[in-house]
Amino acid sequence: MTSEKRLSPFPDLPAIGEIVPRFESSAWFGVFAPANLPDAITDKLNAAIVTALAEPKLREQLKNEGATSVGNTPKEFAAFAREDIDRWAPLVKSSGATPN
């Protein structure tokens, strides 16, 4: 587990954060749309996604896979994505990695 803490579906599997304090590397998934998409379309798409994420069967499936559904607003997701990019950008730049 590359999480900071153990995940409930895998209680006997130590998390990396238990071995290396404050270390965490997690994956996240989100839905992106073209820039300047009209708010009405963005809101409709977001509402459909949030509704799907509220379905008990999907929530249970995600939980069994060690995932947590969030279903935040487009502004919240944009802020989250920006924060994650800002967090990892210095490491990527220092590695010398370059885009193809």
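This is a predicted model: local features need pLDDT of at least 70, side-chain atom pairs count only at pLDDT 80 or more; totals for chains, interfaces and linings use all residues.
Reader: What radius of gyration does the protein have, beside that of a compact globule of 100 residues?
Author: The radius is taken over C-alpha atoms, and the globule rule is 2.2 Å times the number of residues to the power 0.38. The C-alpha trace spans about 45 × 40 × 25 Å along its principal axes. A compact globule of 100 residues would have a radius near 13 Å, but the protein has 17 Å.

Reader: What share of the 100 residues in the protein is buried?
Author: Buried means under 20% relative accessible area, exposed over 50%, and partly exposed in between (1.4 Å probe, protein chains only). Buried residues make up 9%.

Reader: Is Phe-77 buried or exposed?
Author: Phe-77 lies in helix H4 (residues 74–94). Leaving aside neighbours within four places in sequence, Phe-77 is in contact (heavy atoms within 4.5 Å) with Trp-28, Gly-30, Val-31, Phe-32 and Asn-72. Because its relative accessibility is 15%, Phe-77 counts as buried.

Reader: Which residues lie nearest the centre of the largest pocket?
Author: On a 1 Å grid over the protein atoms alone, a pocket is an open set of points where a 1.4 Å probe fits, with protein on both sides within 12 Å along at least five of seven lines, and lining residues have an atom within 4 Å of a point. The largest pocket is lined by 46 residues, and helix H2 (39–53), helix H3 (56–64) and H4 are the elements that give two or more residues to this lining. Nearest its centre lie Trp-28, Phe-29, Gly-30, Val-70 and Phe-77.

Reader: How do the residues of the lining of the largest pocket divide into nonpolar, polar and charged?
Author: Ala, Val, Leu, Ile, Met, Phe, Trp, Tyr, Cys and Pro count as nonpolar, Asp, Glu, Lys and Arg as charged, and the others, Gly among them, as polar. The division is 23 nonpolar, 14 polar and 9 charged.

Reader: With which residues is Ser-25 in contact, leaving aside its neighbours within four places in sequence?
Author: Ser-25 lies in the loop between helix H1 (16–19) and H2. It counts as partly exposed because its relative accessibility is 30%. The C-alpha atoms of Ser-25 and Glu-76 are separated by 20 Å. With the sequence neighbours set aside, the contacts of Ser-25 are Thr-2 and Ser-3.

Reader: What is the phi of Asn-36 near?
Author: Asn-36 lies in the loop between H1 and H2 and is exposed, with a relative accessible area of 78%. Most residues other than glycine have a negative phi. In Asn-36 the value is positive, near 65°.

Reader: What distance separates the C-alpha atoms of Ser-94 and Trp-28?
Author: Ser-94 has its place in helix H4 and is exposed, with a relative accessible area of 59%. Ser-94 and Trp-28 are 66 residues apart along the chain, and their C-alpha atoms are separated by 23 Å.

How values were computed: Residues are numbered from 1 along each chain as its sequence is written. Side-chain values use heavy atoms; hydrogens and water are left out. Helices (H or I, at least four residues) and strands (E, at least two) are DSSP runs, numbered from the N terminus.
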